[in-house]
Amino acid sequence: MSLAESRVPAGVNPPTEVSGNGAGSRRTVAPPTPVRRKPRPRRPREWTSADVWTLVGSVVSAACLNWLVLVRLTTGASWFGFLLCAYATFLVVFYVTTKDRLGKLVAVDRLATVVIVTSAVVVLIPLVLLVAYVLVEGLKALRLTFFVDDQTGITPIMPSTAGGGSHAIVGTVQQVGLALLWSLPLSLACAVFLNETRSRWRRPVRIFVDAMSGLPSIVAGLFIFATLILPFAKSGNPLFGFNGFMASLALAITMIPTITRTVEVVLRLVPDGLREASLAMGASRARTVWSVVFPTARTGMTTAVVLGIARAVGETAPLLFTAFGYDLMNANPFEGPQESLPLFVFRNIRKPDVAAIERGFAGALVLMIIVLALFALARFIGRDKSKQVAKRTRARAAERQARLEARPTVDQESQP
Amino acid sequence: MMTEVPPPPPARSTRTPREIVDVPSRVDRRFNRLTLASGLFVLVLLTLVGFFLLWQSRDALESQGLWGFLTTEEWRTDVDPPRIGVLGLMVGTVLVAIVAVVLAVPFGVLASLFITEYALNVRKYLIAIVDLLAAVPSLLFGLWGFLYLSDKVVPISRWLTDNLGFIPIFETDEGAVLFGSIFIAGIVVSLMSLPIVTSVVREVFSQTPPGEKEAALALGGTRWGMIRTVVLPYGRGGIIGGSMLGLGRALGETIAVALLLPGVPEVTFKILQNGGATVAGFIANRAGSDEFTVSGLMAAGLVLFVVTLATNMLASVVVNRSRSGQGVEL
């Protein structure tokens, strides 16, 4: 393998030179004096203009061939079939042409490059389509009243712009806020346990946290339903019925493993030297964690928590068996079923009338904006500050230098 | 100066090194206890999940028997005695997950290769986009798949069954409806397992020893040659583990499937036509049912819980092993 590959540049380079700037090399050869040419760097990866034209030509020829065969000569191919066949033909044409020009090894390399680049582009397409679709559909019914009204007195014949989702927004904020209240201290303590102590229970706990992060979110809701709602159903206590508090517990179960794992990764990045310095100066472990490790890892931890919130905001499945959903405003999370944005969307788009579906899309757009905003916030907090800091220190140093140089004149000027 | 080397202390060889004792202060003891408690709480929580699901599902399991519950295909509470079981649901779940993984893994691996080996300038943005894909709520994917993608996929299904119908899995009944099929659900779920596959595989690929990559290039290998002989063999454990993590994610996917599949449990392998249900989606669609149904749902949830737990644990073992360098032949 390696022997065969080692011959690549030798087999490759002469043709590239001829096709690239053949005229130039011919002119330098003309004088008979034995001038030793400087060895040119050999770059088998380089895409010359000839390569680009090969690519374009392959695309065009594949498209034309498939159009001729699939559209003109036969019928019944959908656009997808056309695309698939055309892509396959393109790969074959491109491979054969490149092989003819530059040899088999380069052809395989180019083929792999093309396949890898196209698949990376294909991965992006659904995301773009999804965001565009929700945006277009959501804007149809989204009015400012969406943030003020609930679904009081909404009948199927009313237009989609009537009514709103304020009850859902209130529910989401309360449920996620409460869930954060339960899960944040626990996840932080758990991450500290995994990274800062030397207990022999760390290994099983880590395995369980990993396993819990793969827990289907519907099971979390089902668990709260089975533990707290069903056994107390006959007691009539509204705290143990469908309400926002139960939803927050279910959400907390889904949040704990994600926050724990990400915070643990961040804590691992804190240099050991800082910890050792603190311990060597006689600080307790608790003090070290509180005053050295946490401040150092603060931005990373904030990013982790914000991402955890972003995940929890969009969770629907745990709420089905806990918050249950409700069409009117219920601002008390401890009593009675409560709506939330995902539930509002889920319930509305399954209704048969068009207006309800459009209302669901308005909710989906608000949900998407919230999630994207949280995501952007997390990226903003966790952005790479090293360049900024360097710039700031440099600016400060320059300033100090300027002040030092300017001091005598400043003093003279300030005195009068 | 060189002559004044002090003789080694004679006592050293006879004295044993001082024993290190860790005497935590009162604050530290409290700190240790608190963190240990929170760690154990997670352990207990997961055990409780299994225990309570089992406890609440006792009605259904008693009436059907464990084996009966696992092997009954249909879910009928309207007949007497009721016949409910998880077999039809599990078949649907596994089929959706397999379709999702089959679609997500090649794209995930190729995208990770693109991120680690090709896109050196835009790597940061690509990683952000994959993270964003993971942050988009599954509800939005389900919504998009339900109201937009289904219409676009049906012609593909039609084309597949018309042209490749002789392959058993592409077979459909005469005049079957192609909406709400396992295939469509699998496509949507694959978008949700793609980010996790990509991030795991990317991480493993980026840990490929640079020396060996450079050696492959220095021997005159092309970039693809380097990837094929160094990166892919090194990342094999990561690819397998990442696929299994993606499978675990796909098995538990709820909302998208609840929107897309009709929710009729059946053992069918005709993935292109309307039909089928998954455990999670089925449970989601039956929120607020009567007591016996709920107990059956708990039992189904328990089966799902056990299966996803097993898949995920196996996956993390595989991934961790590949990270520590074992199981990698070079």
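**Reading helices, burial and contacts in a predicted model**

Modeller: With 23 C-beta neighbours inside 10 Å, Phe324(A) counts as buried, and it should be kept in mind that the model is a predicted one.

Colleague: Is Gly177(A) buried, partly exposed or exposed, and how should I decide?

Modeller: Burial is judged by counting neighbours, and a residue needs 20 or more other C-beta atoms within 10 Å to be called buried, whereas 12 or fewer make it exposed. Gly177(A) has 13 other C-beta atoms within 10 Å and is therefore partly exposed. Its place is in helix α6 (residues 166-196) of chain A, and, C-alpha to C-alpha, Gly177(A) lies 14 Å from Leu374(A), although the two are 197 residues apart in sequence.

Colleague: What does the secondary structure of chain A come to, and what percentage of its residues is buried?

Modeller: Chain A has 16 helices and zero strands, and buried residues make up 40% of its 416 residues. Of the contacts in chain A between residues at least 6 apart in sequence, 74% join residues at least 24 apart.

Colleague: How do I read the packing of helix α8 (residues 217-229) of chain A and helix α9 (residues 244-268) of chain A?

Modeller: Two packed helices are described by the angle between their axes and the distance between the axes. For α8(A) and α9(A) the angle is about 135° and the axes are 9 Å apart, which makes α8(A) oblique to α9(A). Their crossing is right-handed, and among the residues that make the contact are Phe223(A), Ile224(A) and Leu228(A) of α8(A), together with Leu249(A) and Ile253(A) of α9(A). By class, this contact has nine nonpolar, three polar and no charged residues.

Colleague: At roughly what angle do helix α4 (residues 79-102) of chain A and α5(A) cross, and within what distance do their axes come?

Modeller: The axes of α4(A) and α5(A) cross at roughly 145° and come within 7 Å, and this crossing is right-handed. Residues of α4(A) including Leu91(A), Phe94(A) and Lys99(A) meet residues of α5(A) including Lys104(A), Arg110(A) and Val114(A). The residues of this contact divide into eight nonpolar, one polar and three charged.

Colleague: How many residues of chain A are in contact with chain B, and which helix gives the largest share?

Modeller: In general, the size of an interface is often given as the accessible area lost when the parts come together. Counted here by residues, 80 of chain A are in contact with 69 of chain B, and helix α5 (residues 104-141) of chain A gives the largest share of the chain A side, 18 residues. That side has 59 nonpolar, 13 polar and eight charged residues.

Colleague: What span should helix α9 (residues 223-234) of chain B have, and is α9(B) mostly covered or mostly open?

Modeller: At 1.5 Å a residue, its 12 residues should span 16 Å, and the end C-alpha atoms are 15 Å apart, which agrees. α9(B) is mostly covered, as nine of its 12 residues are buried, among them Trp224(B), Met226(B), Ile227(B) and Tyr234(B).

Key
Residues are numbered from 1 along each chain as its sequence is written. Chains are lettered from A and ligands numbered from 1 in the order in which they are written. This is a predicted model: local features need pLDDT of at least 70, side-chain atom pairs count only at pLDDT 80 or more; totals for chains, interfaces and linings use all residues. Two residues are in contact if their C-beta atoms, placed from the backbone, lie within 7 Å. Helices (H or I, at least four residues) and strands (E, at least two) are DSSP runs, numbered from the N terminus. Ala, Val, Leu, Ile, Met, Phe, Trp, Tyr, Cys and Pro count as nonpolar, Asp, Glu, Lys and Arg as charged, and the others, Gly among them, as polar. The expected span of a helix is 1.5 Å times one less than its number of residues. Axes are lines fitted to C-alpha atoms, for helices over the stretch in contact, and angles run from 0 to 180 degrees between N-to-C directions. Angles under 35 degrees count as roughly parallel, over 145 as roughly antiparallel, 65 to 115 as roughly perpendicular and the rest as oblique. A crossing is left-handed if the near helix is turned anticlockwise from the far one by less than a right angle, and right-handed if clockwise.
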